[in-house]
Amino acid sequence: MDKEDIQEFIRQFTENENLECKIYVLLKDNTLRLLNIDQEDLDQLGLEYSDLLSNKTLTDEYALMNYSVADNRSNCYYIYDLQEYPASLVPLMAMPNEDEIEDFDLSNNSLQDIRATMAVLFDGENTVRMLKYFYSIEVIAIKKSFYLWSMNDRFTRCDQDLLKITPGIDLLFTNGYVIILNSKQFEKNEQLTKIIENEAVRNIENLRRVNLVGNMDEIETLIKSDTKIAKKFVQAVSTSRVLFTGVPIPNIIDFARRKESKIGKLTYTDDGAQITPKSKREIMTMLTLLNNDLLMSELTHDDYIAPAKDLL
């Protein structure tokens, strides 16, 4: 699915004036609960989420790319494409079955048990699910203050905690895809360390096949011990044009030697036929090379480190 496909689907979906809305909460134990909300309020929330969905996606101000090659650029949404999913996302991949999901009940749970809210819009055929991670300020704990509300011109004390629903979208679930709109919140709230490490290990074979690196066992050990390196490894190796467009190994090594003042020094085998990075710094230098991050302007002949780039 590309950006244009998503926009066309969302455009048609949000043009429906009779969207049904349900609001769920995801608890800290990764179970879903349905919020029992008055229909009039649900209808209003449905309108707000529909407008938000349009405003977030029907714009050309963002790029769309796979999460595995995320390069931390601004104004970018990511399609989650790693083989494994965080445990909390698994129950959200399909449309919730209301018959199997209990209502959120304050006698069994507290508002502090909530880790995310999920709005579901349904047009009779398709669903769009919008997850927003929960902030502590969205629960007003009555015990900590004295809250009053007005009823019939008289102020009375509110004796129950309050839940604030602020429409927002950190993750979008639709047509079998998970689209990350807020990568910072996603990475802050999900357990991704082991998933990224496993993805990096799966990509080691891609690098091993081209016979560019002479100490692959050491590389694998370092990847398993450093999530930052593992993430960069997945980004650089999984779709590396340096590796997969047939650039000869001697050309890669010659380029690395000539540009070492720009990207950093690397260690090589005695015959100079392979790279043998010995430290985390050298691995990051190698990944900068494989990700084709060093680019030169034809106009000024200046070199630039450019992790974020689009192939034209």
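Q: How many bridges join strand β6 to β11, and how do the two run?
A: Strand β6 (residues 127-133) and β11 run antiparallel, joined by 3 bridges. Strands count as paired if DSSP finds at least two bridges between them. Helices (H or I, at least four residues) and strands (E, at least two) are DSSP runs, numbered from the N terminus. The model is a predicted one, in which local features need pLDDT of at least 70 and side-chain atom pairs count only at pLDDT 80 or more, while totals for chains, interfaces and linings use all residues. Residues are numbered from 1 along each chain as its sequence is written, and side-chain values use heavy atoms, with hydrogens and water left out.

Q: Which residue in β11 is the bridge partner of Met-130?
A: The partner of Met-130 is Leu-172. Leu-131 stands opposite Leu-171 in β11.

Q: And are the faces of β11 covered or uncovered?
A: Both faces of β11 (residues 171-174) are covered. Leu-171 and Phe-173 on one side are buried, as are Leu-172 and Thr-174 on the other. Buried means under 20% relative accessible area, exposed over 50%, and partly exposed in between (1.4 Å probe, protein chains only).

Q: What about β12?
A: Strand β12 (residues 177-180) runs antiparallel to β11, with 4 bridges between them. Val-178 in β12 is the bridge partner of Phe-173. The hairpin of these two strands has 2 residues between them, and Asn-175 takes a positive phi near 55° there.

Q: In what order do the strands of the sheet come?
A: The open sheet has 8 strands in the order β2-β1-β5-β6-β11-β12-β4-β3, with mixed pairing. At the edges stand β2 (32-34) and β3 (63-66); each has a single partner strand, so one side of each is left without a neighbour in the sheet. The twist averages 25° from one strand to the next. Axes are lines fitted to C-alpha atoms, for helices over the stretch in contact, and angles run from 0 to 180 degrees between N-to-C directions.

Q: Which strands does α1 touch?
A: Helix α1 packs on the sheet and touches β3, β5 (114-122), β6, β11 and β12. Its direction makes about 105° with that of β6. Contact means heavy atoms within 4.5 Å.

Q: New topic: is Thr-14 buried or exposed?
A: Thr-14, found in helix α1 (residues 3-14), is buried because its relative accessible area is 16%.

Q: What does its side chain do?
A: The side chain of Thr-14 makes a polar contact with the side chain of Ser-54 (3.2 Å). A polar contact is a pair of N or O atoms within 3.5 Å; within protein, one must be able to donate a hydrogen and the other to accept it, and residues adjacent in sequence count only if both atoms are side-chain atoms.
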